[in-house]
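This report looks at a group of aromatic side chains, then at a pocket, and then at the chain as a whole. Please keep the structure in view while reading.

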Amino acid sequence: MIEPSELTSAGRFIKTHGIKGELNAVTDVDTEFLDEERCFICNMDGIFTPFFIESVRPKGPHGILIKPEGIDDEIHAAEFTGKEFYVRRESLRAYETETYGEADEGEYADDMIGWKILDAETGELTGTITDLNLETANALFIVETPQGSTVYIPVSEEFIKEINHDEKTMSMTLPQGLLDLNN
């Protein structure tokens with residue numbers, strides 16, 4: 001079974017293209033990474049399901065057309081419309097290391113899902129990172145507070161004061177009033 005923690009977002013399917021099962025997609029990863037030797041993963045009815053890629057071709061400056069294996073008509077392709085698709089994080093990192101050289105030792109923001117955010121001054125729990133919002137100009141941590149509300153915190157090194165990998169905590173100094181903006 002594929003676990004969400006093994007995945008990273010690779011893009012979103014916008015609409016079908018033609019009548020032979022192709023999908024118009026925008027990507028968050030190098031389009032060269034998505035090729036016939038790889039698969040993408042979609043959440044299909046609550047189950048992360050891999051789909052092998054039959055073909056990929058560019059469409060405009062940021063889009064691509066992907067044809068999943070076994071999807072041969074627009075009716076079946078339409079089931080993917082609007083869905084986010086993922087790739088295995090380790091596969092993407094291996095590709096990036098091979099393509100661009102050694103990966104830097106820093107954290108990927110999506111590695112921090114499940115981590116606790118602490119106030120750097122008081123040590124009090126600000127909340128737990130439950131997800132990332134990558135659809136804004138700046139990535140945002142989606143954080144559940146101890147009171148059960150959801151707040152959005154920019155993913156910014158400027159706010160991070162300390163990272164404890166063993167305890168999976170991050171101490172942050174946030175601008176005054178930031179947490180109040182989300183309520």
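Phe51 and Phe80 are both buried in this predicted model. Phe80 has a relative accessible area of 1%, and Phe40 is also buried, with a value of 0%.

How many aromatic pairs does the structure hold? There are nine. Two of them, both involving Phe80, are set out below.

| Aromatic pair | Centre to centre | Angle between the planes | Type |
|---|---|---|---|
| Phe40 and Phe80 | 6.1 Å | 75° | edge-to-face |
| Phe51 and Phe80 | 5.0 Å | 80° | edge-to-face |

Which residues make up the aromatic cluster? Phe13, Phe40, Phe51, Phe80 and Phe85 form one cluster.

The next topic is empty space. Rolling a probe the size of a water molecule over the atoms shows where such space is left. The second largest pocket holds about 250 Å³ of space. Its lining consists of 13 residues, and those nearest the centre of the pocket are Asp119, Thr122, Thr126, Leu174 and Leu179. Two elements, β7 (116-119) and β8 (125-133), each give two or more residues to this lining. Strand β7 gives the most, with three residues. Sorted by class, the lining of the second largest pocket has seven nonpolar, three polar and three charged residues.

The last topic is the whole chain. The protein chain contains three helices and 12 strands. Along the principal axes, its C-alpha atoms fill a box of roughly 60 × 40 × 35 Å. The chain has 183 residues, and 35% of these count as buried.

Of the contacts with a separation of 6 or more, 51% are between residues 24 or more positions apart. The protein chain exposes about 11,000 Å², and carbon and sulfur atoms supply 48% of that area.

Terms used. Residues are numbered from 1 along each chain as its sequence is written. This is a predicted model: local features need pLDDT of at least 70, side-chain atom pairs count only at pLDDT 80 or more; totals for chains, interfaces and linings use all residues. Side-chain values use heavy atoms; hydrogens and water are left out. On a 1 Å grid over the protein atoms alone, a cavity is a set of points where a 1.4 Å probe fits but cannot get out, and a pocket is an open set with protein on both sides within 12 Å along at least five of seven lines; lining residues have an atom within 4 Å of a point. Grid points are joined across faces, edges and corners, and a volume is the space filled by probe spheres set on the points. Helices (H or I, at least four residues) and strands (E, at least two) are DSSP runs, numbered from the N terminus. Ala, Val, Leu, Ile, Met, Phe, Trp, Tyr, Cys and Pro count as nonpolar, Asp, Glu, Lys and Arg as charged, and the others, Gly among them, as polar. Rings of Phe, Tyr and Trp (its six-membered ring) pair if their centres lie within 6.5 Å; planes under 30 degrees apart count as stacked, over 60 as edge-to-face and the rest as tilted. Buried means under 20% relative accessible area, exposed over 50%, partly exposed in between (1.4 Å probe, protein chains only). Contact means heavy atoms within 4.5 Å. Accessible areas come from the Shrake-Rupley method with a 1.4 Å probe; for residues, only the protein chains shown count as cover.
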